[in-house]
Amino acid sequence: MSSTTLSEIQLIPAPTFIKEFRKYRLVNEELVDGDRTKLIIEKAERKDSALFTCTAINDYGEDSMNIQLTVQDIPDAPQNLEVHDISSRNVRLTWNKPFDGNSPILQYTVMWRQINDKINGETFLGDIAGGPITVPGSETTLTVRGLRPKTRYFFRVKCQNTLGESQFGAEVAATTLEEPPRHAPEEVRAITLSSRAINVTWKVSVEDTDDSIEGYYVGYKLYGSPDTFTFKPVESIKGRTQYFIVSNLNRFTEYSIVVQAFNARGAGPPSEEVMTRTLEFDPPGIPVIKTYYATSTAIKLSWELSALPSAPISGYILHHRLEDHHWQETHLNGDQNVYTLRDLQCGSTYYIYLVAFNSVNQGNSSEVISAKTNGNGNYKY
């Protein structure tokens, strides 16, 4: 034990903390070989980290020793999260390293969410979470991959040291870009309507959502031709099944048909080609019944219909029935335009209409007229 007795011991923290000196408590212990003094800090906090100076004083002088106190804590939340290089399915995130709590940051954790997402036509209400993805503590950037096109995401980051995890930093929102449709239309069919028109139908791929498609290109060309397709833009309609009528085609000609979806970012892959042939002729037009003359047992009809080269007339079918009875048919030659129905009931009402036909099909029917047999006069239709 030293023969020199200390008259005073001072432990003084950095000047910034002098005003909070009430937090500090000195405890003196008498030992066999001298005295021991302890500085106790109640409820130590990160801000208590400081350089302390211990000074011993007696009648012969004084001596000092510096003691660096470092209080460790969980890190602060990462700051200044930003989104860069946004594409349809990837984004790159960067952030600033926060205060590490006087303990090295071991890793960062990135998470994200999306709201009211639509997947395969079904809407999911509420948040859908993504992640977590971890990044070494030495890095402050991450590229998030595998996102959905044209979708709004909210990203956030937290970090961790040996004492625990920080809070998440402020969220940052970003919307991925739209991309061209990725799938070809399905079940493409071409149905011949006439010698000049084809009805093309198809279905939206189940892999595409309605809002990823703005419209379709319907392409056609002569079957087997090396020429490129002629495309017609078609606006998308609600529902999976779509259609478009290609008109002004050549008569009795084979065509190849393809369909591809498009949006603001471009066109998707084309469908497989389908082939069809326009008709050699069109069905005849609609006969117009001009006059009829009724007697007590007969009704004489006359009509007009001009035969066209693209719609020849092979014949007519005259339909008539007595009121509250079944329809009866009478087949007529294509060069006729007058016919008399005989052996009818006197004073009865008959309903009559006419249909022209050829080798392709029947045309549309004329208007239905009603005529009453009474034998007493002439009637104009």
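A search of the whole structure identified 15 salt bridges, a salt bridge being a side-chain nitrogen of Lys or Arg within 4 Å of a carboxyl oxygen of Asp or Glu. The structure is a predicted model, in which local features need pLDDT of at least 70 and side-chain atom pairs count only at pLDDT 80 or more, while totals for chains, interfaces and linings use all residues. Residues are numbered from 1 along each chain as its sequence is written, and side-chain values use heavy atoms, with hydrogens and water left out.

One of these salt bridges joins the side chains of arginine 46 and aspartate 76, with an N to O distance of 2.8 Å. Strands (E, at least two residues) are DSSP runs, numbered from the N terminus. Arginine 46 is partly exposed at 24% relative accessibility, as is aspartate 76 at 32%; buried means under 20% relative accessible area, exposed over 50%, and partly exposed in between (1.4 Å probe, protein chains only).

A salt bridge also connects arginine 113 with glutamate 171, whose closest N and O atoms are 2.8 Å apart. This pair likewise links distant parts of the chain, with arginine 113 in strand E8 (residues 107-119) and glutamate 171 in the loop between strand E12 (164-165) and strand E13 (172-175), 58 residues apart. Glutamate 171 is partly exposed, at 35%.

Glutamate 187 and arginine 189 form a salt bridge at 3.6 Å. Finally, Glu29, Arg36 and Lys38 are joined in a network of salt bridges.

How values were computed
Helix = DSSP H or I, 4+ residues; strand = E, 2+ residues; numbered from the N terminus.
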